[in-house]
Amino acid sequence: MNEGIFVDLKDAVITVSDGSATPKTARLRIGDGGFTFKQGSEREYKLDAGKLWRVREGNEVPVEVTLDFVWLHMHTTDVSFSDIILGKNGCVSTDTVYPCDPYACDIDIDFTKACGNVTYFDNYKIANFRVEPQDYDPKESMVKVSGKANSVEVPHSQSSSSDSSSSSSSTT
Amino acid sequence: MRIKGLDKSKPNIEVVIFPRHDIDDIVIKCKAVISYDRFSKLVAEPILGTALFPDGTRKPTDETRKKFSEDSISYFEMRHGFMLYETLKDNENIEWESVSKDDPISWKNCAKEIDSLPITDAESNRLVAAINRANGMSDALIEEAEQSFLVREASERVDQKSIVSSEAVNSTSGAVVNV
């Protein structure tokens with residue numbers, strides 16, 4: 001069974017944004033915590049007379065995401081983190097294709113690490129994330145939120161820049 | 001309010017002329033910027049932002065301070081560019097390439113464009129000095145004007161004293177007059 005991928009959120013910055021023309025955002029500096037996501041479809045292994053024969057892709061499965069963290073401070077526009085996660089206070093869904101579907105928001109998780117004169121950037125992008133309201137539990141600085149994104153994977157990109165302005169990037 | 005009968009509709013104008021042999025001399029008029037209202041309408045003054053902390057308080061963070069510092073630099077670049085643009089905008093012989101009247105970001109290019117004018121470095125310095133003089137930003141000129149004012153006042157005082165002493169000497173009764 002796929003246990004999912006765990007990412008340590010220490011020193012990460014989480015940005016949640018809605019789908020407004022000028023997105024409403026909340027950017028949280030994380031002290032400690034983790035981010036887990038399960039992605040990938042189940043493959044079907046077909047048998048022929050009891051022997052492994054062919055492999056077929058199974059049905060697509062939405063990415064399951066869990067965020068559990070302690071935040072240090074938060075930069076927001078005119079709404080709170082909870083408003084954007086839950087779609088309250090005038091927040092607009094990021095799902096522009098099916099705007100009448102349940103509310104969705106975008107989540108960006110960024111890591112910045114400096115080493116010598118090189119700075120490394122890591123980014124996980126969760127588009128059209130829909131929270132499971134019963135799994136949202138904010139307690140002062142501690143937040144636990146679970147939900148699904150209407151996609152089969154969480155894009156992950158890495159890049160770096162040095163003082164001489166050279167940069168490279170890769171996306172998975 | 002007026003000074004010497006002048007109001008805001010008559011800004012200070014400095015004229016610089018760059019002599020040319022093969023073509024007409026280049027004449028540039030630098031007109032003082034009287035109002036920054038248009039700038040204020042288009043560009044908001046930077047504000048030091050704050051972050052929300054778990055205890056409910058809001059305080060600046062390194063991030064908001066850094067952003068404020070960057071925004072301030074950008075703001076003053078745009079303001080300087082606006083001053084350059086507005087000072088030179090009435091010159092029909094000047095064509096801006098990357099500067100647009102209503103695009104504050106493009107105003108940052110004004111200084112670069114002035115540097116790229118087909119004039120020598122010395123002429124470019126004269127033009128910048130004229131822009132500063134027109135806008136009352138030339139320290140040397142302000143100091144010169146202040147010195148000239150103080151010298152004039154001092155000489156007027158000396159003149160007044162000499163009149164008083166000569167009247168005292170010429171008085172037949174011997175009483176001091178005009179004291």
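Q: Which residues touch the most other members of the largest nonpolar core?
A: Start with the general idea: in soluble globular proteins, nonpolar side chains tend to be buried together. In this predicted model, the largest nonpolar core has 31 residues, and A:Val16 and A:Phe129 touch the most other members.

Q: Which elements give two or more residues to this core?
A: They all belong to chain A: the strands β2 (13-17), β3 (25-38), β6 (63-76), β7 (105-115), β8 (118-131) and β10 (142-149), together with the helix α1 (81-86).

Q: Back in chain A, what does A:Phe129 touch?
A: Leave out residues up to four places away in sequence, and A:Phe129 touches A:Val65, A:Ala104, A:Cys105, A:Asp106, A:Ile107, A:Gly147 and A:Ala149.

Q: Now chain B: is B:Asn125 buried or exposed?
A: B:Asn125 has 11 others within 10 Å, so B:Asn125 is exposed. You can find B:Asn125 in helix α5, residues 121-134 of chain B. From its C-alpha atom to that of B:Ile114, 11 residues away along the chain, the separation is 9.9 Å.

Q: What about B:Val16, and what does B:Val16 touch?
A: B:Val16 sits in strand β1, which covers residues 13-18 of chain B. With 19 other C-beta atoms within 10 Å, B:Val16 counts as partly exposed, because the label "buried" needs 20 or more. Setting aside residues up to four places away in sequence, its contacts are B:Ile28, B:Cys30, B:Arg126, B:Leu127 and B:Ala130. Take B:Arg126: 110 residues separate B:Arg126 from B:Val16 in sequence, yet their C-alpha atoms are 7.6 Å apart in space.

Q: How many residues of chain B are in contact with chain A?
A: Seven residues of chain B meet seven residues of chain A. On the chain B side, four of them are nonpolar, two are polar and one is charged.

Q: What confidence scores come with chain B and with the model?
A: Chain B has an average pLDDT of 83, and 82% of the residues score at least 70. Read residues 171-179 of chain B with care: their pLDDT is below 50, and beyond near neighbours in sequence this stretch has six contacts in the model. For the model, the scores are ipTM 0.72 and pTM 0.65.

Key:
Residues are numbered from 1 along each chain as its sequence is written. Chains are lettered from A and ligands numbered from 1 in the order in which they are written. This is a predicted model: local features need pLDDT of at least 70, side-chain atom pairs count only at pLDDT 80 or more; totals for chains, interfaces and linings use all residues. A nonpolar core is a set of buried Ala, Val, Leu, Ile, Met, Phe, Trp, Tyr and Cys residues joined through C-beta atoms within 7 Å. A residue is buried if 20 or more other C-beta atoms lie within 10 Å of its own, exposed if 12 or fewer, and partly exposed in between; C-beta atoms are placed from the backbone. Helices (H or I, at least four residues) and strands (E, at least two) are DSSP runs, numbered from the N terminus. Two residues are in contact if their C-beta atoms, placed from the backbone, lie within 7 Å. Ala, Val, Leu, Ile, Met, Phe, Trp, Tyr, Cys and Pro count as nonpolar, Asp, Glu, Lys and Arg as charged, and the others, Gly among them, as polar. pLDDT is the predictor's confidence in each residue, from 0 to 100.
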